[in-house]
Amino acid sequence: MCFGDKVAVHNVDLSIQQGEFVVLLGPSGSGKTTLLNILGGFLQPTDGRVLIDGKDVTDVPASKRPTTTVFQDYALFPHMTVAGNVAFGLKMRGVSSSEQKTKIIESLELVGLAHLAERRIHQLSGGQRQRIALARALAVEPSVLLLDEPLGALDLKLRHQMQEELKEIQKRIGTTFIHVTHDQEEAMAIADTIVITNDGAIEDTGKPERIYLQPTSRFAAGFMGESNFLEGTVISCDGSQTMVHTAIGKFLLKEQGTEGDVVTLSIRPEHFSTKSGIRSLGEARILETGFFGTHHQCKAILEESETMLKVRLPQKEVIQSGELIELFIDPEDLTMLRS
Amino acid sequence: MWTVAFFVLPFVIMGVYSLWKRVGNKLITEFSFGNYENFFAKSFLFESLTNSLEVTLLVTVISILLAYPLAYILAEKVPDRWQRIALIMAILPFWTSYLVRSYSWLLVLSEGGVISNFLLEIGLTTEPISMANNRSATVIGFVHFFVMLLTLTIFANLKQLPKNYRKAAQDLGAGPIRTFIYVILPLTLPGIMVGAFLTFVLCIGDYITPAILGGKRELLMPQTIMLQIERRSDFPTASSLALILMTVVSMVYLACARWLKLDRL
Amino acid sequence: MFKFRNLAAFTYAILLYGFIFLPVVVLVLFSFQESRVPIPPFNGPSLKWYHAFLSDGRVVEALYNSIAVALLSSLVSVILGFLAAYSLARHNIRYSGIIQGLLTAPLTVSYLIIAMGLLITFNTLGIPKSLFTIGIGHVVINLPLCFAIIYSQMGAHQANIERAARDLGANEWQVMGLISVPMLWPALFAAFFLSVTFSWDEFIIAFMVSRFDVTLPVEIWSMLRTGLNPKTNAVGSFVFLVSVVFIFLLDFILFRKIKN
């Protein structure tokens with residue numbers, strides 16, 4: 001898919017299971033919204049196909065596709081009531097008015113707002129609008145529901161509440177949800193599958209746990225939470241195990257590699273510990289520390305190799321900056337990223 | 001302040017005048033509603049108001065019907081970077097002197113003028129015809145001006161509609177035509193109403209266009225007012241007519257304001 | 001189908017553009033007419049009617065009058081409009097709603113009625129009709145416009161900057177002169193140009209409250225009485241050209257402001 005001479009999305013090959021909650025995650029400008037627009041029928045791909053339920057819908061206009069969208073700004077029609085908005089899709093599909101009525105009530109009950117049916121849109125709060133937009137999109141029973149950063153305009157508390165609700169509604173009705181966001185915490189909270197996009201291409205696809213714990217690319221590791229990256233060289237490998245040499249020592253990883261390859265190792269900050277563990281990294285000096293409620297976030301420097309590390313230490317630990325501590329890790333927590 | 005001195009004061013004086021009476025060359029400074037009674041009694045005065053209302057309504061309706069498609073084409077079909085220049089072009093004659101514009105239409109419509117000549121050339125008529133000096137000429141002159149005005153207000157309204165409304169309508173299964181009827185048109189009604197109101201106010205109060213293009217057979221309200229001042233120096237009658245005209249405009253204004261408010265609820 | 005629809009739209013737009021431009025084109029074209037009547041056939045081009053109008057003392061005098069009235073009345077309108085907007089936007093004045101309504105009310109009233117009201121008032125007060133009274137009339141119609149434009153540009157953002165200036169020790173006049181006016185200058189300029197354009201074109205007020213010294217539109221009106229004449233075309237084309245130049249200047253200024 002191209003805009004002018006700039007390629008917005010290329011070489012995207014993605015198949016989504018029916019009934020899955022998929023989150024497209026990526027920074028702004030990574031092409032996730034373009035991808036959503038292609039799925040919704042608002043953009044024609046210059047190349048490639050879109051199939052829904054096995055049917056090729058590439059040339060089907062938005063109005064005839066079995067998809068509906070919850071827009072970022074909700075795009076609720078201000079000149080209609082809540083019920084009028086929810087009924088719109090049904091009316092366009094020629095559903096009889098008695099059936100419309102039951103469907104409106106059903107959809108509004110699904111989002112818990114049946115009592116607001118006769119309200120005007122401008123009388124609703126942000127959270128209510130969000131739910132009405134969801135009810136409107138679900139009323140026509142689409143095969144796939146597309147959500148374009150629908151929670152972006154809500155405050156943090158409401159956002160968390162809506163995340164839970166979205167997930168619950170999705171499980172109840174079993175419709176495939178494709179949700180776009182740049183918020184990695186939101187993605188992990190709601191997704192069955194996360195698709196990480198960057199620069200118009202897919203970086204990684206998988207379950208949230210897998211993507212967080214075993215990222216396959218440096219971008220994915222860096223975008224999903226914080227990480228420490230260490231450059232290293234493969235010095236030996238014997239089938240299932242690889243020895244990597246880095247500035248802070250040699251590590252044996254349960255992954256395959258080729259001798260002489262330059263690789264990057266990723267260590268999550270929470271994988272460090274001060275209790276004696278499998279592998280000592282030696283003494284580290286704490287440069288800065290901050291208490292985050294659930295943990296202490298520290299910047300530390302390893303005395304021997306002068307490597308800067310981001311470290312997360314448990315809540316109850318007592319640390320002060322300037323202090324020297326010994327750090328340990330479990331080499332199993334290390335992930336090898338091929339450059 | 002300024003407005004009080006030169007805006008409110010004239011109205012007070014006008015109000016007082018309208019209650020006086022003029023007999024011969026003298027002002028009778030005696031309060032009465034005689035001028036207002038006259039207005040309803042003398043058919044030519046009352047007729048000028050109905051003429052004005054008819055012309056204004058006709059102009060408003062025709063202008064909306066012509067301007068809406070143009071505004072829509074400009075907003076939707078013209079590429080973004082051409083829009084600005086296309087819009088400026090569409091309303092360029094809007095800024096010509098009112099007087100000069102009416103005169104130009106006289107050139108176009110008069111006997112032996114451009115249209116008459118064109119019809120002769122293609123053989124539709126055999127002798128020069130005049131299309132000026134009647135009600136249609138006035139209406140054409142007005143429509144020309146107000147098409148530009150309405151194009152502007154409707155275009156502005158169309159442009160400030162979030163793109164997602166259209167997308168949402170399509171997404172829910174509406175084709176282009178139903179998207180327009182159910183979503184775009186209702187959402188641009190405010191733009192139409194604002195433009196229509198402006199058209200109404202400016203059109204009903206204008207003297208120049210009917211004076212130049214309308215001929216002498218049928219008078220509109222502003223012409224009648226002017227006649228009282230110029231020919232007869234009858235300020236009391238003129239004042240009463242002006243106040244009647246203002247009342248009509250205010251009523252339309254209140255109706256519009258009420259409608260807009262109702263819509264918002 | 002799609003192609004056809006676009007073609008129809010295109011044709012419609014062209015036809016309407018034709019309608020919009022027809023009188024202007026005819027006006028300008030026949031100002032270059034050679035013979036004495038501005039109707040077909042066209043037998044120009046000739047500049048003789050421009051010569052005729054430039055050597056007509058009355059027309060040229062009316063032209064100067066027009067320029068003087070337009071510039072001065074616009075200047076007064078902008079200053080008064082700014083002061084009114086400034087005091088309404090920055091100070092809590094009682095009845096500000098009513099004042100605002102009063103200030104903008106003349107926008108909705110027909111010029112003819114304003115003109116008549118002014119005429120009667122001047123007569124009652126015994127003020128002689130002159131260029132000065134025309135100027136007053138033009139300020140009456142332009143003040144609301146200037147007020148509305150400037151007022152709409154005085155947002156909360158500006159109020160904060162002014163507060164910052166006061167905080168740093170500027171007095172009321174320094175705030176106005178050093179902060180508000182420079183920040184608002186695009187709006188002030190736009191208001192000024194628009195006022196000049198309206199004043200330049202305005203006929204009915206100028207016609208009613210003037211006697212011997214007249215402005216250009218009033219002069220054109222008396223020329224119209226003599227029937228169709230290429231000289232009138234020439235004057236009209238000239239007036240059109242001036243208005244267009246002003247509009248482009250205005251547009252240029254606003255456009256630059258948006259860019260910034």
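**Close-up views of a pocket and a helix pair**

**View 1. The second largest pocket.** The second largest pocket has a volume of about 1,400 Å³, the volume being the space filled by probe spheres set on grid points joined across faces, edges and corners. This is a predicted model, in which local features need pLDDT of at least 70, side-chain atom pairs count only at pLDDT 80 or more, and totals for chains, interfaces and linings use all residues. Residues are numbered from 1 along each chain as its sequence is written, and chains are lettered from A in the order in which they are written.

**View 2. The lining of the second largest pocket.** This pocket is lined by 41 residues, and B:Tyr72, B:Glu76, B:Lys77, B:Arg166 and B:Gln170 lie nearest its centre. H1(C) gives the most to the lining, with six residues. By type, the lining splits into 24 nonpolar, eight polar and nine charged residues.

**View 3. Two helices from two chains.** Helix H11 (residues 221–230) of chain B packs with helix H5 (residues 111–125) of chain C at an angle of about 20 degrees, their axes 11 Å apart. That makes H11(B) roughly parallel to H5(C) (a term for angles under 35 degrees). The crossing of this pair is left-handed.

**View 4. Where H11(B) and H5(C) touch.** From H11(B), B:Pro222, B:Ile225, B:Met226 and B:Ile229 meet C:Leu112, C:Met116 and C:Leu119 of H5(C), contact being heavy atoms within 4.5 Å. The residues of this contact are seven nonpolar, no polar and no charged.

Methods
Side-chain values use heavy atoms; hydrogens and water are left out. Axes are lines fitted to C-alpha atoms, for helices over the stretch in contact, and angles run from 0 to 180 degrees between N-to-C directions. Helices (H or I, at least four residues) and strands (E, at least two) are DSSP runs, numbered from the N terminus. Angles under 35 degrees count as roughly parallel, over 145 as roughly antiparallel, 65 to 115 as roughly perpendicular and the rest as oblique. A crossing is left-handed if the near helix is turned anticlockwise from the far one by less than a right angle, and right-handed if clockwise. Ala, Val, Leu, Ile, Met, Phe, Trp, Tyr, Cys and Pro count as nonpolar, Asp, Glu, Lys and Arg as charged, and the others, Gly among them, as polar. On a 1 Å grid over the protein atoms alone, a cavity is a set of points where a 1.4 Å probe fits but cannot get out, and a pocket is an open set with protein on both sides within 12 Å along at least five of seven lines; lining residues have an atom within 4 Å of a point.
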